[in-house]
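Please open the model in your viewer and keep the selection tool at hand. The stops below go from one selection to the next, with a note on what is found at each.

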Amino acid sequence: MEKVYLDHAATTPLDPEVFEKMKPYFLSEFGNSESLHSFGRDAMLAVDAARDSIAKNIGANYDEVYFSSCGTECDNWALRGLAHGLKKTGRKKILVSSIEHHAVLSSADVLKEEGFDVEYIPCQRSGKIDVEWLKNALTDEVSVVAVMGANNESGVIQPMQEIGALAHAVGAVYFADCVQYAPYRRIDVKTLGADVVVFSAHKFYGPKGCGILYVKRGVRIDRLIAGGEQERGMRGGTLNVPAIVGAGFAYEKALKNLEENNRKIASLRALFLEKTKAIGGEVLGKDEERIESVLSYRLDGVRSDEFIFSADLEGIALSAGSACASHASSPSHVLSAMGLSEEEARSVLRFSFGKHNTEEQIEYAAKKTMEIVERIKNA
Ligand code: PLP
């Protein structure tokens, strides 16, 4: 059996059609998009086209879309840039959900060191943030509310429209990390509720190395990286033209096939659950709206690191918690925020399915999962 990749929340394979679109920009069209000659102009035309396409696809204006090196950079830029930009309004309080990606949480740590007042929005066992808590915490001292679109560990979708409306009612800006949400749900920034949105091309079969930041016109945000006039002076650094071209095309393709891919991925996930139901796993976040791909599966008495190691020997790739957290010795902050004990959190596996998976692969993965669980429990 070939290897079975079930870790699409960590990254997705590059779609070969996307790669074909990128190739000329590594080879013949290699110009620096800032150069004034034809090589530069050709590169800039390609960047413009990708920006235009992404803007249209999220209902934004062309000048509201920026490119950076990854979702992590965009998250840093969004939270720190907003906090600094809005400091001039006298607001210094930032509300960050306790289940954010480390890119956001670590940015909040930096802001705390700089003297900002950061508070953490609690999460419920269901995987949804506590909206009642947020309502009570929102005052006219708050500058930014940061709550992601969908969580990378539970897959649970957060009530962005409601959060946006609450934030706006006190004059705060709402920033939504949509890195996990964007591959599975259409984004229309006019109705989403968020003023600032981040997504990342490698989560929807695009290249690694391209983060996308949407900032609504009029929102005050500072730059993160100085050093050049790229991105209208907001982000210095030579543009990664092939990655930007790939991101634009990958996003178009993801949206074109969104419903079909979601249906396929949901049915593979259901098949896996059906075939493994005898082991009695607990599906986290099962009563909430979720992105199709992620299955957060708690298997009592099974340590996730032991399972992942055994699965890897069988050619099956998956995660425990987020890819970044999976090398850490402490249990995932997301699972802790959802109220799981340390012991419970250590028995949570994250399977995340993708458009290239086949039923045969899922049946194989399910069969091996049953065998591994049995082996671990009987050891
Ligand atoms: N935000 C979320 C919710 C993520 O899941 C990830 C990556 O897993 C990131 C941000 C970081 O994105 P990137 O890998 O492009 O840096």
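Which residue's side chain meets that of D63 in a salt bridge? Select R217: the side chains of D63 and R217 meet at 3.1 Å, N to O, where a salt bridge is a side-chain nitrogen of Lys or Arg within 4 Å of a carboxyl oxygen of Asp or Glu. D63 sits in the loop between α2 and β2 (65–68) and R217 in the loop between β8 and α8, so the pair ties together parts that are 154 residues apart in sequence; helices (H or I, at least four residues) and strands (E, at least two) are DSSP runs, numbered from the N terminus. At 31% relative accessibility D63 counts as partly exposed, whereas R217, at 52%, counts as exposed. Here buried means under 20% relative accessible area, exposed over 50%, and partly exposed in between, with a 1.4 Å probe and protein chains only.

Before going on, note that this is a predicted model, in which local features need pLDDT of at least 70 and side-chain atom pairs count only at pLDDT 80 or more, while totals for chains, interfaces and linings use all residues. Residues are numbered from 1 along each chain as its sequence is written, and side-chain values use heavy atoms, with hydrogens and water left out.

**Salt bridges around K253**

A search of the whole structure finds 28 salt bridges. Select K253 and D15 next, whose side chains form one of them at 2.9 Å, N to O. Since K253 lies in helix α8 and D15 in the loop between β1 (4–5) and α1, the pair ties together parts that are 238 residues apart in sequence. Both K253 and D15 are buried, with K253 at 19% relative accessibility.

E17 counts as partly exposed, at 41% relative accessibility.

Move to K203, in the loop between β7 (196–200) and β8 (211–215). Which side chain of opposite charge is nearest to K203, and how far away is it? It is D7, at 8.2 Å, and K203 is buried yet has no salt bridge; for charge, Lys and Arg count as positive and Asp and Glu as negative, while His and the chain ends are not counted. If you display the backbone of A9, you will find its oxygen 2.8 Å from a polar atom of the K203 side chain. Leaving out residues up to four places away in sequence, K203 touches A9, A10, T11, T12, V179, Q180 and P183, contact meaning heavy atoms within 4.5 Å.

Phi of Y205 is near 65°, a positive value in a residue other than glycine. Most residues other than glycine have a negative phi.

**The loop between β8 and α8**

A positive phi, about 50°, is also found at R232, again not a glycine. R232 lies in the loop between β8 and α8 and is partly exposed, with a relative accessible area of 39%. G233 is placed in the loop between β8 and α8 (241–256), and at 12% relative accessibility G233 counts as buried. Apart from neighbours within four places in sequence, G233 is in contact with R223 and G228.

**Q158**

Select Q158, in the loop between β5 (142–146) and α6 (160–169). Is Q158 buried or exposed? Q158 is buried, with a relative accessible area of 3%. A polar atom of its side chain lies 2.9 Å from the backbone oxygen of G127. Beyond four places in sequence, the residues that Q158 touches include I99, G127, K128, I129, V147 and I163.

Terms used:
A polar contact is a pair of N or O atoms within 3.5 Å; within protein, one must be able to donate a hydrogen and the other to accept it, and residues adjacent in sequence count only if both atoms are side-chain atoms.
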